[in-house]
Amino acid sequence: MDTPAHEHWTDLTVRRPDDVRTITGRRIPLSWQMEKRAGHIDRLMNRTLPEEFPDPVERGNAGDVLAVLALSESIRRDLAARCGGDIREAILLGATWTEIADAIDATPNEARGVLRDWTERQHQLHQREVERGRPLGSDADRHASVLALIELADDEPKAAGA
């Protein structure tokens, strides 16, 4: 991808997780974050090469380690923020609470808690943003439909078409 935003991102120095939001104030795609993180890790791995290595290599430094740490935290936050939506999608596609709990190494009630927290945040976002004329988040109907998913039994899949 060769867009101005991607070029800016590629050149951006990352030292804190919030540096990742400096382009648009929004999340940078995970693939971009992983690509940048991999570049820093590659330079750090080059430190293990012998000094007489025949090809020119760029060796990592403290800035690379700081970038890896900051990008890792940013990626962790982004994945955590997505988890509730992914759980909702899994339920809608027929997964059970037991299966979801296994997938995230939690109990079914802990998985329900993740979805509950997510849907509450989405509903609060909608209430704030609708006042600004931006219909983001979950309106009352969608919020209620997600809360209904939480009531499914541990091994009960969502009924098709429901």
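1. A salt bridge is a side-chain nitrogen of Lys or Arg within 4 Å of a carboxyl oxygen of Asp or Glu. Side chains of opposite charge can pair when their charged atoms come close. By this rule the count here is eight salt bridges.

2. A word on the source. This is a predicted model, where local features need pLDDT of at least 70 and side-chain atom pairs count only at pLDDT 80 or more, while totals for chains, interfaces and linings use all residues. Residues are numbered from 1 along each chain as its sequence is written, and side-chain values use heavy atoms, leaving out hydrogens and water.

3. Overall fold. The chain has six helices and zero strands (DSSP runs, numbered from the N terminus: H or I of at least four residues for helices, E of at least two for strands). The radius of gyration is 21 Å, well over the 15 Å that the globule rule gives for 162 residues, so the chain is more spread out than a compact globule. That radius is taken over C-alpha atoms, and the rule is 2.2 Å times the number of residues to the power 0.38. The C-alpha trace spans about 65 × 40 × 25 Å along its principal axes.

4. Burial. Of the 162 residues, 31% are buried. Buried means under 20% relative accessible area, exposed over 50%, and partly exposed in between (1.4 Å probe, protein chains only).

5. Look at Arg112 and Asp154. They form a salt bridge, with the closest N and O atoms 2.7 Å apart. Arg112 lies in helix α5 (residues 108–130) and Asp154 in the segment after α6, so the pair ties together parts 42 residues apart in sequence. Arg112 is buried at 8% relative accessibility. Asp154 is partly exposed at 33%.

6. Next, a network. Salt bridges link Asp18, Glu73, Arg76 and Arg77. Arg76 meets Glu73 at 2.6 Å, N to O. These two are three residues apart in helix α3, so about one helical turn separates them. Asp18 pairs with Arg77 at 3.5 Å between the closest N and O atoms. This pair links distant parts of the chain: Asp18 sits in the loop between α1 (4–11) and α2 (30–45), and Arg77 in helix α3 (residues 62–92), 59 residues away.

7. How exposed is Asp155? Its relative accessible area is 58%, so Asp155 counts as exposed. Asp155 is found in the segment after α6 (140–150).
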